[in-house]
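Please have the sequence and the structure open while I speak.

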Amino acid sequence: MTNISVTVDGVRYDDDVEPRTLLVQYLRERLGKVGTVVGCDTSNCGACTVLLDGRGVKSCSLLAAQSDGHVVTTVEGLVPTGEDGALHPVQRAFHEQHALQCGFCTPGMMMAACDLLADNPDPSDEEIREGLEGNLCRCTGYQNIVRAVSAAAAELRSARGAAPSTPEGVASA
Amino acid sequence: MSVVEEHRPEVGNARLRKEDAHLVTGQTNWTDNITPPGTLHIAILRSPMAHARITDIDLGPARDRPGVVAVFSGRDVADEQGTLPCAWPVTEDMVHPDHPALAVDEVRFAGEAVAVVVARDTASAVDALEAIEVDYDPLPVVLDMEAAVADGSPLVHADKGTNSSFTWVFDSAEAGTGGSVDEALGDAEVTVSRRFLQQRLIPSFMEPRSVVVDPTGGQFTMWSATQIPHILRLMLALTTNTPEHKLRVVAPDVGGGFGGKLQVTPEEVITLVAAKRLHKPVKYTETRSDSLLTAHHGRDQIQQLDLAARRDGTITGLKVRLLANMGAYLGLVTPGVPLLGAFMFNAIYKMPAYRFECTGVFTNTAWTDAYRGAGRPEATFAIERMMDELAAELGMDPMEVRRRNWIAHEEFPFTTVAGLTYDSGNYEAATDKAMELFGYDALRREQAERRERGDPVQLGLGISTYTEMCGLAPSRVLGSLSYGAGGWETASLHMLPSGKVEVVTGSSAHGQGHETAWSQIVADQLGVPFEDVEVLHGDTRVSAKGMDTYGSRSLTVGGTAVIAACGKVIDKARKVAAHMLECAEDDLEFADGSFRVKGSPGSEKSIQEIALATFAAHDLPDGVEASLDSDATFDPENFSFPHGTHLCATEVDTETGMVKIRSYVSVDDVGHVVNPLIVDGQVHGGLAQGIGQALFENAVYDSDGNLLTGTFVDYTVPSPADLPAFTTARTETPATTNPLGVKGVGEAGTIASTPAVVNAVVDALRPMGVNDVPMPCSPHRVWQAIQDANGGASS
């Protein structure tokens with residue numbers, strides 16, 4: 001067993017984990033963060049994407065032990081707890097642009113979008129497609145995902161203009 | 001008396017989806033999230049060989065591994081597991097081999113389940129698989145369909161004496177719907193013959209399949225990532241000898257299906273059997289590799305077409321011969337899939353003679369079954385490719401050849417040479433709109449310029465003027481095709497005492513947006529707020545009856561059942577309203593959610609008030625029962641026939657073979673639209689899957705029968721960077737076969753897009769002598785087609 005200390009969605013956890021435990025298994029099975037899902041076992045589909053210290057990582061390709069001392073944000077932490085019904089601009093845009101159907105890829109897709117927008121706050125459609133290349137969706141054909149990310153980018157830019165927020169555009173942990 | 005506001009129509013609005021709130025916040029209920037206390041976990045040992053006799057299995061060492069609770073093989077559960085069902089025996093003499101969930105004596109494809117470990121956690125179960133020793137005696141493998149039906153082929157099922165499951169024929173001369181196709185071919189001024197390969201695809205729903213069975217208290221509750229909770233419940237009851245009323249099936253949040261979860265799976269049977277044996281909750285969640293290897297595949301046909309025509313482009317006959325790969329076994333509707341295409345090769349075209357002949361073939365591969373479109377994409381691909389080939393043969397514009405043959409809008413309803421009656425359509429309108437949006441003439445000019453100057457990047461224009469039959473299905477037609485069930489759908493409506501509404505639907509959504517669309521329908525029918533409607537589905541305890549979701553049927557069949565259920569509630573409410581308002585029922589009109597006495601303003605009762613009155617039941621008219629509920633079932637009289645025109649422009653690099661879609665226009669006619677947002681989403685996703693077949697996806701086995709495309713590294717589902725932005729638009733020719741005037745939309749994009757893309761690729765290369773490129777049109781295949789046409793040697 002390995003002892004880890006990790007902050008997930010604003011809460012700090014100290015846990016013993018098996019060395020082979022994947023970060024996604026730790027999140028889902030130990031912490032009950034089942035909003036993050038597993039879609040493949042080869043890091044191709046991106047359904048398990050979370051933010052590690054604000055950067056997108058595929059949590060099926062990281063050991064839980066590697067998250068020791070780091071800050072993890074999942075889809076469940078995009079909006080600080082206690083704000084019932086509040087949505088992050090990316091979540092709101094996915095809803096308003098109909099960027100999801102079955103919704104299975106959605107958490108990973110949104111976290112990857114947050115990572116993309118942290119790097120590039122004003123991406124072209126082409127840059128959005130390239131930036132989300134590591135995330136697969138079988139329902140939407142990506143058209144509305146591109147629109148949603150573009151809309152979220154605009155909202156985040158205007159919010160940033162009005163009041164500076166965290167550079168990743170996500171809730172601080 | 002209440003003040004009633006005028007109800008704004010909901011149907012036709014781009015309502016944002018009710019489903020989204022929990023999906024975008026991660027408050028989801030996927031099957032793999034469900035783990036009752038004490039749950040045991042399954043790992044499955046799968047055959048590494050495509051065909052072998054199992055001579056010995058030693059389970060002993062695995063039983064001693066830490067955390068292991070039970071280990072069993074097919075021989076241990078041979079009686080309990082029964083045989084997996086095939087509900088569509090297409091001919092009386094169809095060869096229908098037993099289909100065990102766990103192989104008993106022989107494995108017939110690589111990946112077939114051989115043994116099961118049940119342990120306290122998944123890791124222990126997977127670890128223990130290594131300790132199981134299986135002795136296999138290899139048997140000859142047959143993978144190629146033409147080899148499989150040749151004399152002397154190795155047999156997938158030796159006891160059956162053949163690899164041919166069935167041969168099913170439709171002939172217009174025999175059916176009385178047309179003439180003899182052989183005469184047409186004999187008399188033809190022009191004939192075009194082509195052989196097309198429909199490559200094998202893998203549905204690739206994003207949520208891997210998962211199943212949990214809780215046997216607590218002798219009531220078996222199964223959660224499964226399935227499209228078909230109702231059919232699954234019945235089939236499991238029949239095949240595993242579980243009393244149907246003791247089995248509850250729940251499809252919680254389900255992450256896509258596309259036909260791939262229209263199945264009764266070995267894993268569902270195995271998990272149920274394990275839970276029965278161990279009296280504990282048991283769970284199985286597949287890995288993506290397991291999913292690609294063993295969840296049923298789709299397509300996989302060899303198509304031979306012979307088209308007869310006159311020099312002016314008029315089609316005089318079409319002959320279709322298919323070999324359809326069943327794989328090693330028959331799944332739930334495997335043999336019926338090619339039959340869904342049998343009525344569609346003639347498509348939107350008038351032709352006097354047609355013959356379709358299909359042989360289902362066993363091979364040592366994963367079994368095939370429904371995948372988005374199921375039979376209709378294959379048919380549409382073939383006929384739309386043939387129309388382009390006929391045009392090339394005659395030196396005509398491919399759209400002009402289509403115009404000369406299609407059913408004119410004033411000819412509807414039209415009974416086709418395949419015996420279907422298309423209720424409505426307007427191919428001219430959809431085509432005109434698509435041509436305008438696409439800029440067809442300007443692109444043809446650019447194409448000519450590029451050809452003229454020998455541009456290494458050539459431009460190709462591809463057309464697909466498609467229709468399809470969906471909205472499955474009239475029960476009597478399914479009966480005539482020997483399908484084992486009906487095609488009706490059911491809805492129940494409960495007006496709650498507070499005036500809120502629960503709608504129970506028998507169709508089972510997994511991304512389609514039923515909760516939103518059904519709410520819109522109910523809001524309009526009852527005049528209640530959209531927000532006051534709750535749609536319940538996917539749990540056989542809540543929704544006892546239903547035919548589930550596939551074949552673009554939910555709205556045309558299930559939505560119509562919802563309207564019928566609303567009608568029954570209104571009928572009952574009218575009796576109560578007349579009693580309360582002391583008038584005759586005929587004196588009442590119902591609008592905006594209220595009954596009003598005609599000519600007596602102010603005298604009215606809202607449906608919510610009536611719901612409360614029927615709950616209290618203090619003063620109901622004689623013969624009226626308490627509560628305001630209804631049940632309704634709808635069985636369609638005909639299929640639904642969406643249609644449209646898709647146009648694709650590709651830039652093909654003749655030096656590298658790289659294909660780039662420059663623009664894609666889709667004009668679809670799905671009749672009236674309940675929610676344009678949802679319809680557009682269905683079209684986008686359909687296009688992506690059809691383009692996936694055209695350019696990217698291919699399930700490949702090596703010569704020993706090992707799946708080479710067993711991960712998403714090798715089975716290339718398109719990524720965002722692989723696809724273009726689509727231009728979508730609609731024409732609206734209402735269906736005449738349902739009260740909403742709607743047609744199915746779930747499969748149209750997939751059915752239409754594949755030939756549009758491939759026609760565009762071939763069109764770009766035609767001056768170089770290329771008249772076909774096999775799918776998927778990868779850079780290598782495109783480059784190879786150019787080399788072959790040049791007579792050059794391949795590298």
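Over all chains, the structure holds 56 salt bridges, a salt bridge being a side-chain nitrogen of Lys or Arg within 4 Å of a carboxyl oxygen of Asp or Glu. This is a predicted model, in which local features need pLDDT of at least 70 and side-chain atom pairs count only at pLDDT 80 or more, while totals for chains, interfaces and linings use all residues. Residues are numbered from 1 along each chain as its sequence is written, chains are lettered from A and ligands numbered from 1 in the order in which they are written, and side-chain values use heavy atoms, with hydrogens and water left out.

Let me begin with B:Arg15, which forms a salt bridge with B:Glu10, their closest N and O atoms lying 2.9 Å apart. B:Arg15 is partly exposed at a relative accessible area of 24%, whereas B:Glu10 is buried at 6%; here buried means under 20% relative accessible area, exposed over 50%, and partly exposed in between, with a 1.4 Å probe and protein chains only.

The second pair is B:Asp182 with B:Lys319, whose side chains meet in a salt bridge at 3.1 Å, N to O. Because B:Asp182 lies in helix 7 (residues 181–187) of chain B and B:Lys319 in strand 14 (residues 315–327) of chain B, the pair ties together parts that are 137 residues apart in sequence. Helices (H or I, at least four residues) and strands (E, at least two) are DSSP runs, numbered from the N terminus. B:Asp182 is partly exposed, at 46% relative accessibility, and B:Lys319 is buried, at 17%.

Which residues have the most contacts inside the largest nonpolar core? They are A:Phe94, B:Trp168, B:Phe345 and B:Phe356, in a core of 217 residues, where a nonpolar core is a set of buried Ala, Val, Leu, Ile, Met, Phe, Trp, Tyr and Cys residues joined through side-chain atoms within 4.5 Å. Helix 12 of chain B contributes the largest share of this core, 9 residues.
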